[in-house]
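Reader: Hi! Could you walk me through this one before I set anything up? I'd like to go piece by piece.

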Amino acid sequence: MSEPASDPRLQSLINQLRPGAVRTVKVTGFDGADVLVQLVDAAGEKAETGRIPGHEASMRRVEHPSELFEVGQEIDAEEIGRWREGELHLSARACEIPALRSFLLAVERGQVVTGTVAEVHNFGVFVHIDGEPNGFCTGFIRVPDLTWGWINHPSEVVEAGQRITAEVVVTETRSGQVTLSLKALQENPLIRFADQVGCVLTGPIIKIVPFGVFVQLARDVVGFLNLSELTDESVETPDRLVDEGELITVKVAAVDLQRHRVRLGPAGRADRI
């Protein structure tokens with residue numbers, strides 16, 4: 001039931017967030033808020049130098065990384081990439097709490113997990129995943145991953161204390177977070193709706209934006225009608241012509257399964273009823 005990561009930009013982001021190799025490094029100094037290090041696990045080779053950016057030093061808030069590390073101290077850090085003409089950058093925070101890291105590494109993309117909703121906010125939902133270390137809340141569901149349907153707030157889908165089952169999108173050792181998806185376990189409603197292309201349907205306008213209107217066509221299916229398709233008149237915004245909740249008759253022009261979009265066109269002259 002998973003939605004494929006067909007967008008190469010999304011796949012690239014997921015790849016960047018996946019855990020990197022762990023290296024043992026020795027602290028050699030500080031450059032502002034950054035920690036300068038030297039690799040010590042390359043036996044018999046000239047030790048490579050690297051850098052731990054200030055924001056990758058710890059999950060704790062400190063004024064300066066010298067509060068955490070001493071010159072000469074050996075620590076484990078995760079590779080996160082190369083910048084500044086190939087300089088190796090690492091994350092100490094990704095290895096800071098062994099129990100948390102072990103849990104995160106055991107959770108894989110596509111895995112189905114269970115948990116309890118901890119907090120519901122307008123930007124997303126925090127979830128206590130079963131088996132996570134005590135004192136942590138590792139799960140997070142973005143608003144677009146809650147449901148295929150149109151919602152105004154995540155509280156329309158879940159509530160604090162609710163038990164849920166979700167699919168893992170990506171695990172981030174550096175943030176200590178597992179991004180989850182509820183809708184990945186639900187059938188994409190556009191798959192069944194795709195055969196409606198060319199059909200004339202009537203539904204309520206659920207949102208008006210400056211460049212068009214969104215129309216509810218079926219359960220969990222919303223289409224978009226551009227302002228230019230709504231009228232031949234010269235108007236600046238659709239709210240001069242229609243109101244939210246008003247019924248409108250439209251034609252289904254196209255269904256884009258990859259982008260999960262339905263484009264609408266006028267039914268005759270997009271007659272209002």
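Author: Happy to. One term to begin with: helices and strands here are DSSP runs, numbered from the N terminus. With that numbering, E78 sits in strand 4. Please keep in mind that this is a predicted model.

Reader: Good, let's stay with that residue. Is E78 buried or exposed?

Author: E78 is buried: its relative accessible area is 1%, and buried means under 20%.

Reader: And which side chain does E78 have a polar contact with?

Author: That would be T173. The side chains of E78 and T173 are joined by a polar contact of 2.7 Å.

Reader: How accessible is E79?

Author: E79 has 25% relative accessibility, so it counts as partly exposed.

Reader: How do strand 1 and strand 4 pair?

Author: They pair in the antiparallel sense, over five bridges. Within that pairing, K26 stands opposite E74 of strand 4.

Reader: Which strand do six bridges join to strand 1?

Author: Strand 2 (residues 34–39), and strands 1 and 2 run antiparallel. One of the bridge pairs is V25 with L39 in strand 2. Strands 1 and 2 also form a hairpin with two residues between them.

Reader: Which residue in that turn has a positive phi?

Author: G32 does, with a phi of about 65°.

Reader: Nice. Back to charges: how many salt bridges does the structure hold?

Author: There are 11 salt bridges in the structure. Some charged residues are joined into a network of salt bridges: D31, D34, R51 and E87.

Reader: How exposed are R163 and D130?

Author: R163 is partly exposed at 48% relative accessible area. D130 is partly exposed too, at 37%.

Reader: And E187 and R192?

Author: E187 is partly exposed, with a relative accessible area of 37%. R192 counts as exposed, at 63% relative accessibility.

Reader: Let's zoom out. What does the secondary structure come to?

Author: Four helices and 15 strands. Five of the strands make a closed barrel in the order 6-7-8-10-9, with mixed pairing. From one strand to the next, the twist averages 50°.

Reader: How do strand 6 and strand 7 pair?

Author: Strand 6 (residues 112–121) and strand 7 (residues 124–129) are antiparallel and share six bridges. H121 stands opposite G124 in strand 7.

Reader: Switching to the loops, where is G149?

Author: G149 is in the loop between strand 8 and strand 9. With 15% relative accessibility, G149 counts as buried.

Reader: How far is the C-alpha of G149 from that of D220?

Author: Their C-alpha atoms are separated by 3.8 Å, although G149 and D220 are 71 residues apart along the chain.

Reader: How much of the protein chain do buried residues make up?

Author: Buried residues make up 39% of its 273 residues. As for contacts between residues at least 6 apart in sequence, 59% join residues at least 24 apart.

Reader: Last topic, confidence. What is the mean pLDDT of the chain?

Author: The mean is 89, and 89% of the residues reach 70 or more. Residues 1–6 have pLDDT below 50, with 12 contacts in the model beyond near neighbours in sequence. Residues 269–273 are also below 50, and that stretch has 14 such contacts.

Notes. Residues numbered from 1 in each chain as written. Predicted model: local features only at pLDDT ≥ 70, side-chain atom pairs only at ≥ 80, totals over all residues. Heavy atoms only, no water. Pairing = 2+ DSSP bridges. Axes fitted to C-alpha atoms, helices over the stretch in contact; angles between N-to-C directions. pLDDT = per-residue confidence, 0-100. Contact = heavy atoms within 4.5 Å. Salt bridge = Lys/Arg side-chain N within 4 Å of Asp/Glu carboxyl O. Buried < 20%, exposed > 50% of the residue type's maximum accessible area, 1.4 Å probe, protein only. Polar contact = N/O pair within 3.5 Å; in protein donor to acceptor, adjacent residues only side chain to side chain.
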